[in-house]
Number of protein chains: 2
Amino acid sequence: MTFILLRQTCLRTLNRTGAALQSRIDQRTYAARGGTLERVVSAFRAVTGDDGVSLGATVREQHGKDESAHSCQPPDVVVWPHSVEEVSALAKICHHHRIPIIPFGTGTGLEGGVSAIKGGVCFSLGKMDRVVDLHQDDFDVTVEPGVTRKALNSYLRGTGLWFPVDPGADASLCGMAATSASGTNAVRYGTMRENVLNLEVVLADGTIFHTAGRGRRSRKTSAGYNLTNLFVGSEGTLGILTKATLRLYGIPEAVVSAVCSFPSVQAAVDSTVQILQAGIPIARIEFLDDVMIDACNRYSALSYSVAPTLFLEFHGSERSLEEQVTITEEITRGNGGSDFSWARDAETRGRLWKARHDVWYAALALRPGCKGYSTDVCVPISRLPQIIVETKEDLTKNRLTGPIAGHVGDGNFHCLMVMDPSDPDEVQRVHHFTERLARRALALDGTCTGEHGVGLGKRALLREEVGPLTMEVMQGLKATLDPKNLMNPGKVL
Amino acid sequence: MTFILLRQTCLRTLNRTGAALQSRIDQRTYAARGGTLERVVSAFRAVTGDDGVSLGATVREQHGKDESAHSCQPPDVVVWPHSVEEVSALAKICHHHRIPIIPFGTGTGLEGGVSAIKGGVCFSLGKMDRVVDLHQDDFDVTVEPGVTRKALNSYLRGTGLWFPVDPGADASLCGMAATSASGTNAVRYGTMRENVLNLEVVLADGTIFHTAGRGRRSRKTSAGYNLTNLFVGSEGTLGILTKATLRLYGIPEAVVSAVCSFPSVQAAVDSTVQILQAGIPIARIEFLDDVMIDACNRYSALSYSVAPTLFLEFHGSERSLEEQVTITEEITRGNGGSDFSWARDAETRGRLWKARHDVWYAALALRPGCKGYSTDVCVPISRLPQIIVETKEDLTKNRLTGPIAGHVGDGNFHCLMVMDPSDPDEVQRVHHFTERLARRALALDGTCTGEHGVGLGKRALLREEVGPLTMEVMQGLKATLDPKNLMNPGKVL
């Protein structure tokens, strides 16, 4: 009975895969081979063992969605390889049968990147979770794709080192590389682009290679093309990342947090520019708009002034921090900032930054029962006041709830859209709003996504952003590395 | 008479170009067209005007060599476009006639990148020298390819901003992007990879596109593939860089320089690791070996201890510098460092760092009449003591003069080879030495070039470094973007 059910599932899945790939797959090949997917699943099992393959509906659904508002499109099969050799062997099977491959880390993406819109096989990489190599004196580490950023930082405890890129979610580090993630610390430590030294990649045809050569981990290199940064941000459309060599940093001797309110967005941004210009090595500089602050006050019973607010964090030695804070307070005061408060010990810092840490839940609490959706754009920092003011007017005009939180040091911000998913009119209005927001960023020399990636949702916007000729170059590279268009098809391009 | 001479030159050049390209060009096409290069030169003149084209031997020789030991291979023609439209029009002519294109900035490269080994047309970009767009509040600027780093920093005078990447030579910024240059400041400010936000590129077929889309200059982006960093470091083999948008930084309030001697290379490197681990935002940390220091003492009548020495530079506010220097002095003392001296005012700093600034001339002065040649490798920092000690033994054993200077914070160092070019045996020994040096770096997880690039001299080493599969990927990308192999052929790959 189990066998029959399984067989039926296989056939159903086969049919669906066949349908989804209709445009590219020679159906006669499928028909001639008869029951190919069943054979494929057997071949998968021969690679990974029985526990490495699932056709279960729940498992597939879990792997067909991320944390975005994009609807779930489950893959036909989920496989859990245990090693790069298994990834390669599985990819070869998919390649032979022209079945799409969707790499999966933790499912914490925000643009529908794991949705199996053309069916296919989800490569769930969580079982490959070893920290392969730590070189403390060289400030580098190599990890498998199942290692998350929190797991890495736990592993590093006691070494005096840490990995600072922090997108909020406890994402897998290879997933973060694939989506070019960044987050609050990027203003000081950079994004994944600046912090990946080498990648092990499996191409659609099963070829295993290392972007900078096997075992290479020098801090800089001018040897050949920078393949590492071609794969960082490729969102699973060029290959599967099976190892990442990352830069590490010394844990700062001390940390100071601060908060300050401003009379206007302009004043908050002017302060940010001046702080950067003064060369203060600020570690985080986060902006919350008045709506967001109000939500945080309600959610956590806080009493911040309902005004544009900066949350700051300084990393350094005890003495240098004192100076950083003093200069920053002077700058903020010069721009009309008020209620400047700061904290050094972990507990008080935690309280001070609670509002920033809780933005997501505070936004959701504005409309209980509704769904959240975070959209992101990035502009040159001087353009922030204009885009934020215009965006707030747009939100009001269209009766939308979308408090704003941003990594203001990079010109990057998010509207945390809270909407009723059962109200098609509102869903539509949110959709149009996010497009207007992205186009507003484009009109100001910015980008439609600073850190969430293109995924499913921003493909048309990407084309507007870079233009047809740049798109052609991107498409040419995709066709070179994945000529059968099997790697996460329908994403980015 | 002039006409006849010109015509003869054209024909000679045509013959040579034909011969060099024999393997790829259909000779019958040439023959059928008859005097094609002459027509080509006319076509060039129609684009640039008469002053934009030269066939003169001296001019061609000047454009066929850089500052390396590679022999000069002059191009057949030199053109000086005035705009990106002219670059595109010229490229189209070359593309139509399958003539190689060699982009030329200032000729300050170190691996023979401008040598016209297959003949062709040198695109000399010095006439495109406008600073196109400066956005002070956004810390970014866009420059044409003729703008050098010193010219940019002069232009920025009074703005409080500067561009810190400093390879020593006053190279053009697009040339620095093309070769992924870095230099002494990279440990703090990064290399060109971290500091280019967007590039305007002309492909071999004349297509003009922008790696991040026209006018895009946000600090970060996750929109599509990172084409910017594919072209950074591509050494003119993928396209011609006609504009670069760069990150700028606030000029530090104060600068402190310091010098310290060590009992061993290990002690100097241990100090460096501990300085980085302590989170000191060191701006430059340069290593000179005992031979180099001795040469500097002789050249500039200085009296440094003849020992492994660190030259340090700190950027920041007055107060933070005091602390940085104090901690650094403690660290160096803990590692047996001695003679720690430091200076704040520009004049004393200049005196203190004179040895570091003069390394090239001090090295050359070791053997008057000889030629200098700087080779570069990069390894994970913990491997520096081993490779430097082994390299010094190698130099002694092979009776070679090669004082060592390095950007030790990045694990990157140079042997400044001083040799008699008329002694074929010595030239041969230097050649073999540089290969052993690169292989030593590869054996220690490093790279055959940290910042000079591959050019002509390190193509075989690149293959050893990255392996055949990674080479295949690089070759695939090259073939996609430059299918006729016209862009700086014979370099990198």
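How many bridges pair β5(A) with strand β6 of chain A, and in which sense do the two strands run? They pair over four bridges, in the antiparallel sense, with β6(A) covering residues 140-143. At this spot H135(A) sits opposite D140(A) of β6(A). Keep in mind that this is a predicted model.

**The sheet in chain A**

That pair belongs to an open sheet of five strands, in the order β5-β6-β10-β8-β9 of chain A, with antiparallel pairing. β5 (131-135) and β9 of chain A are the edge strands; each has a single partner, so one side of each has no neighbour in the sheet. Going from one strand to the next, the twist averages 10°. Then there's helix α5 of chain A, residues 84-97, which packs on the sheet. The helix touches β8 (196-202), β9 and β10 (240-247) of chain A, and its direction makes about 45° with that of β8(A).

**Where the chains meet**

Now for the contact between chain A and chain B. Chain A puts in 88 residues and chain B 90 residues. About 6,900 Å² is buried between the two chains, and carbon and sulfur atoms give 55% of that area. On the chain A side, K220(A), S222(A) and Y225(A) lose the most area to chain B, together 14% of what that side buries.

On the polar side of things, the rule finds 37 residue pairs in polar contact across this interface, both residues being at pLDDT 80 or more. Several elements give two or more residues to the side of chain A that touches chain B, among them β9 (208-210), α11 (265-277), α13 (318-334) and α18 (459-481) of chain A. So β9(A) turns up here as well as at the sheet edge. The biggest giver is α18(A), with 13 residues. By residue type, this side of chain A divides into 30 nonpolar, 38 polar and 20 charged.

**Salt bridges**

Over all chains the structure holds 60 salt bridges, and eight are found across the interface of chain A and chain B. Here are two examples from the structure.

| Salt bridge | Closest N and O atoms |
|---|---|
| E451(A) with K220(B) | 2.9 Å apart |
| E313(A) with R284(A) | 3.0 Å apart |

The E451(A) bridge reaches over to chain B through K220(B). The other pair links distant parts of chain A: E313(A) lies in strand β14 (residues 309-316) and R284(A) in strand β13 (residues 282-288), 29 residues apart.

Notes. Residues are numbered from 1 along each chain as its sequence is written. Chains are lettered from A and ligands numbered from 1 in the order in which they are written. This is a predicted model: local features need pLDDT of at least 70, side-chain atom pairs count only at pLDDT 80 or more; totals for chains, interfaces and linings use all residues. Side-chain values use heavy atoms; hydrogens and water are left out. Contact means heavy atoms within 4.5 Å. Buried area is the accessible area (1.4 Å probe) that two parts lose on being put together, summed over both. A salt bridge is a side-chain nitrogen of Lys or Arg within 4 Å of a carboxyl oxygen of Asp or Glu. A polar contact is a pair of N or O atoms within 3.5 Å; within protein, one must be able to donate a hydrogen and the other to accept it, and residues adjacent in sequence count only if both atoms are side-chain atoms. Ala, Val, Leu, Ile, Met, Phe, Trp, Tyr, Cys and Pro count as nonpolar, Asp, Glu, Lys and Arg as charged, and the others, Gly among them, as polar. Two strands pair if DSSP finds at least two bridges between them. Axes are lines fitted to C-alpha atoms, for helices over the stretch in contact, and angles run from 0 to 180 degrees between N-to-C directions.
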